[in-house]
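Here is a brief report for a reader meeting this structure for the first time. Look over the sequence and the model, then read on.

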Amino acid sequence: MSRKKKNRVYVGLDGLDIKVNTTKILEQNYYTFYNKNNDEIGHLQAVKDGYLLHLCLPRVLRNDNTIPFCKEDFKHIENVLACVQTQLESLFGNDIYETIVRTAEVNATAELSNVTKTAPMLKLLATILLTKGEKLFICATGEKTGKRYEAVKCLCSGQQIESIKTAQLSNSRVKLKLYDKSKEKNITDKGLLRIEFIYSSRGLKVARTGKTLAEFLKPDSILSLLSWYRKDYKELLIDCYWNNTDRYDLNDEYNVPVYEEMITIIYNDLVSHDGQPLSVALINKNLIEIDYELFKRACKRYYPKLNSAQKAWARVQKSGEIQVNIGVIDEFVSISKQIISG
């Protein structure tokens, strides 16, 4: 038997917001920055007390940001800094007295085994964050038209989530954006999941990345930030998934890991509905469409014989009423292990 192919996961940086402190006033309020191939890498715009440069680090080296700025790119770090400084000097001359990194985007970009797994995996991540009591804003197809992002406290069945955002978390260090990168880039032959943490000035201070752009663009500074990303990923997503203590801090049957809580919810409905598999599946469509394995495990727990359980989940699968996704949770666990281990 051939071994299951491992998901390819990249962990690195994407965008930086850099405050340019200067006494000089430029002729225009907006300037575009370019790499050596004349591809756009960022833009400078006037703000209340100076100028703000948004820089996309991967684009300095590549024609897009599908792969973030990773450890393998450190050999180019001096050239990246020189590219930015040269363009700043051409605009401001010697009138810059500070370039301060205000925010930094750190992400894990994972290639999924199938493009259809991105939406259910985003739904799994949303479920985890809602369990933690975070306020979520989601963009999903199948909803009413209106604002691009809508605040949610629970998920609706039939939603195809494309993107999830949070406000700044209570630690004031980070906010999250999780989205379908393949859809953003119109890639149809593979699924790309991006899990992005946006670090505030406070978050960068805690990570000790330095204050200025020159201090930030050093291997030690970036490695420190990547280390914090892995710690935060583990705390915000994995610890909740495996060792959940729910937002109400109650010592009840749901004070269990998220995956176990989902199985228990389905199992309890099988009990209350006398084992009517299709009715229970439709009630819990939102959970079961994350990964069909959740329904299978609930059936195995409810039915005394494995053969009866198999007939139950086969009947639901054949009904066509439920979208069947297989292996989403296993893939999430595999990706998470790679992110945390580095």
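## The chain as a whole

Of the chain's 342 residues, 50% count as buried. The model is a predicted one. Its C-alpha trace spans about 80 × 45 × 40 Å along the principal axes.

The secondary structure comes to 13 helices and ten strands. Contacts across the sequence matter for the picture too. Among contacts in the chain with a separation of 6 or more, 67% are between residues 24 or more positions apart.

Strand β8 covers residues 160-166. It is mostly covered: five of its seven residues are buried.

Strand β6, residues 136-141, pairs with β8. The pairing is antiparallel and runs over six bridges.

## Helices α3 and α13

Helix α3 spans residues 118-131, and helix α13 spans residues 328-341. Their axes come within 10 Å and cross at roughly 70°. Angles of 65 to 115 degrees count as roughly perpendicular, so α3 is roughly perpendicular to α13.

Which residues of the two helices meet? From α3 come Pro 120, Met 121, Leu 124, Leu 125 and Ile 128. From α13 come Val 328, Ile 329, Glu 331, Phe 332 and Ile 335. By class, the contact of α3 with α13 has nine nonpolar residues, no polar ones and one charged one. Glu counts as charged.

## Cysteines

How many disulfides does the model have? The count comes to zero. Cys 56 is in no disulfide. The nearest cysteine sulfur belongs to Cys 83 and is 12 Å away. A disulfide would need the two sulfur atoms within 2.5 Å.

Is Cys 56 buried or exposed? Cys 56 counts as buried, because its relative accessibility is 9% and the cut-off for buried is under 20%. Cys 139 also has 9% relative accessibility, so Cys 139 counts as buried.

Conventions: Residues are numbered from 1 along each chain as its sequence is written. This is a predicted model: local features need pLDDT of at least 70, side-chain atom pairs count only at pLDDT 80 or more; totals for chains, interfaces and linings use all residues. Side-chain values use heavy atoms; hydrogens and water are left out. Axes are lines fitted to C-alpha atoms, for helices over the stretch in contact, and angles run from 0 to 180 degrees between N-to-C directions. Helices (H or I, at least four residues) and strands (E, at least two) are DSSP runs, numbered from the N terminus. Angles under 35 degrees count as roughly parallel, over 145 as roughly antiparallel, 65 to 115 as roughly perpendicular and the rest as oblique. Contact means heavy atoms within 4.5 Å. Buried means under 20% relative accessible area, exposed over 50%, partly exposed in between (1.4 Å probe, protein chains only). Two strands pair if DSSP finds at least two bridges between them.
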